[in-house]
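Subject: Structure handover and notes

Dear colleague,

I am passing on a structure for you to look through. Please open it first, and then read the notes that follow it.

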Amino acid sequence: MVHWHTPKSEKTRLCYAKPSAKDSYESGGICTIAPIGGSQGMGSILSRRLVFMSFLVLEDVSLSFGGKRIVESLDLRIGDADRIGLIGPNGSGKSTLLKMFAGEQEPDGGAIQKQNGLRLGYLPQDIALEGGRTLIDFVRDSIPGYRSLHQAIETEEHTLTELSQTGSDSPELMQSATRIAELHEELSRLQDQYSEHEALAILDGLGFSQSDLNRDLAEFSGGWKMRAVLAALLFQKPDVLLLDEPTNHLDMPSVAWFSTFLQNYSGSFVLICHDREFLNEQIGRVVSFEVEGVRSYTGNFESYLLQRKEEEEILKNRAKNLGREREKTEDFIRRFRAKASKSNQVQSRIKALEKMDPIHLLEERSSIHMRFVPSQRSGVEVQRAEGLGHSFGSHTVFSGADLSVRRGDRIGIIGVNGAGKTTLLKILAGELQATEGKSELGHNVDLGYYAQHHTDQLHPKQSVYEEVASQNRDANMTQVRTLLGAFLFQGDDVDKKISVLSGGERARVALAKLLIDPRNYLMMDEPTNHLDLDSSEALAEALANYDGSIVFVSHNKSFVRKLATKIWNVEGGRVEVYPGNLDEYLQTCQDRHKNSQKNDKSGKKQGKKQPELSAAPKVTEKTQDRQPSRKSKASENQSRLLSKRIAELETRIEALEAKQKECNRVLEKPEVYNDPVQRNDLLTQLQVNAEKLSELTKRWEALQEELEALSPEI
């Protein structure tokens, strides 16, 4: 449950709040990172002076669950305007640390100090929200002190009515009237500070429609209830926001709006998120759960990765230097131990050797490793849908969708929540019967489906091993256990029942089931939900090298950008097909919007109403079959578009190849190769460019194949 604390007389929900002024700050503390490899390790070097105000202070905090250490002797501060990204693998303790910040979890030892009057807004992953209130009332009532103020006004007005009915002209009557005036003035100030216009703007940004405002909370799904709680928290403008995977239930437009909101937010926040791009846009500091303990780094996620790499290099060099020094000292002791004239020097060396503390290198935390084995080759056309549509009662989700999936396609389905993305995927996967149209799989297609609510497809009473092994009866015990080990299920973990697993662990089991039985066509609905950042990126990398076809739904912009070569946008009851990646699609939308605005302005100048510019007309195979002339023209248009994109890719490939040649030429120079800084920079550049070349070449091959398939139609 989510709680908040206001003055002692009132207890309500959603936020820790005390509407007193910020009058007590603790400043100038020291934040020390735990040393690595002794008291003179990297930690003491990275200690820094905090010059900002401290909102929240953890001092020597420790916590364990079931013998597992979550944090130990942790010192951490959250200051004014701090923008912290909390990262670490699933199960490391990120959510537990947020609970300690929020006061939902008491530590085993140490102290947690909060600034007087600090207002904390906490969004957990799981929300228990009851009905009985409309959406707009819920958000409005979340203002600290708002409900108690209304109750005080009602009570005082009732008292005034009773006094008036007695006909009394007593001082109590005047006092009651004065008190009501004061309460209304206080309510007016509160409404000025928290305007309803701002609440409506937040609800609109998070995807709620005008018709949702007066709906009862009980009518909303779990994901929309989460949005309602997030809207209330943002409306309250607390000093510190504690956000546990806030983008999990947001679609791309809502994520974009939320990103802008956080960038302009004046308070502090601590954010857990598996979307790399979203993290990089928002944070200025990383608090990371590492093998050696909780560490703190300045900068965004990319900066954190660089700092970890630099620390590792420094420690390796120090360990190497210490090893050489130890060898020299031991060699001196062996050579001169028997010489009386050198006895003092030998004893001095022995004492120095004893004082040499070993350098402990950074340990790599465990992460999942996945690779899709080669699958059986399918036909060129993997799936075709004609006139596809679906309705729930009188509500039409979408209609008239003519879609084609070709071998090697990686299609990202995007759109606002409720537009029908999951419905479309379920129909294509055969999990739901369409109310109109038809869909057929192509020759030699073997389909694998990963549901958004994968828990529904797992058997709670089975063990992890039994669940994965049941997917492929031909796989032997060694193969199954090896695969589970790659997904971090080792030793007795494979005997755990599905029912006791966390959300992240269940997601890993569902992914392992896909890999144990290789398929050449995958459909995946929000595959990165419940996965930590490292696991999300490992999945994207594995899918990028997968030789089959993929259709997937995701709100994770980084994941879609890395993977999708085509976009299907489900919006307004139709499915728009775009033969390009996410960036190209978004650019097309921007250009379309600019043209629309330009036409609107032109129409106003001429005094004529211009017709509304809609999305680019979708050429469908069904329409083409009915109208051969349109089919030919549409094919020619698509051919020109594909040819243009192929030419653009060829230009980019040639430019990258030229860069690679230049890098290799420079590396051949002895003065450059012998300079470790220049050499490492060039080698890194070569590796990055090689990866880009590989990706561009794959896209070029896919487009060429698509162009060749169009040739007979033109």
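Within what distance do the axes of helix H7 and helix H8 come, and at what angle do they cross? The axes of H7 (residues 222-236) and H8 (residues 252-263) come within 13 Å and cross at roughly 20°, where axes are lines fitted to C-alpha atoms, for helices over the stretch in contact, and angles run from 0 to 180 degrees between N-to-C directions. H7 is therefore roughly parallel to H8, since angles under 35 degrees count as roughly parallel, over 145 as roughly antiparallel, 65 to 115 as roughly perpendicular and the rest as oblique. Helices (H or I, at least four residues) and strands (E, at least two) are DSSP runs, numbered from the N terminus.

Before going on, please keep in mind that this is a predicted model, in which local features need pLDDT of at least 70, side-chain atom pairs count only at pLDDT 80 or more, and totals for chains, interfaces and linings use all residues. Residues are numbered from 1 along each chain as its sequence is written, and side-chain values use heavy atoms, with hydrogens and water left out.

As for the contact between these helices (heavy atoms within 4.5 Å), Arg227, Leu230 and Leu234 in H7 meet Ser254, Trp257, Phe258 and Phe261 in H8. Of the residues in this contact, five are nonpolar, one is polar and one is charged; Ala, Val, Leu, Ile, Met, Phe, Trp, Tyr, Cys and Pro count as nonpolar, Asp, Glu, Lys and Arg as charged, and the others, Gly among them, as polar.

Turning to the cysteines, a search of the whole structure finds zero disulfides, a disulfide being a pair of cysteine sulfur atoms within 2.5 Å. Cys273 is buried, with a relative accessible area of 5%, and Cys663 is buried with a value of 5%; buried means under 20% relative accessible area, exposed over 50%, and partly exposed in between (1.4 Å probe, protein chains only).

Ser73, in strand S8 (residues 68-79), has a positive phi of about 50° although it is not a glycine, and Ser73 is partly exposed at 43% relative accessibility. Asn444, in the loop between strand S19 (436-441) and strand S20 (447-450), has a positive phi of about 60°, again without being a glycine, and Asn444 is partly exposed at 30%.

Finally, Phe289 lies in strand S14 (residues 285-290) and is buried, with a relative accessible area of 5%. The C-alpha atoms of Phe289 and Gly88 are separated by 4.8 Å, although these residues are 201 residues apart along the chain.
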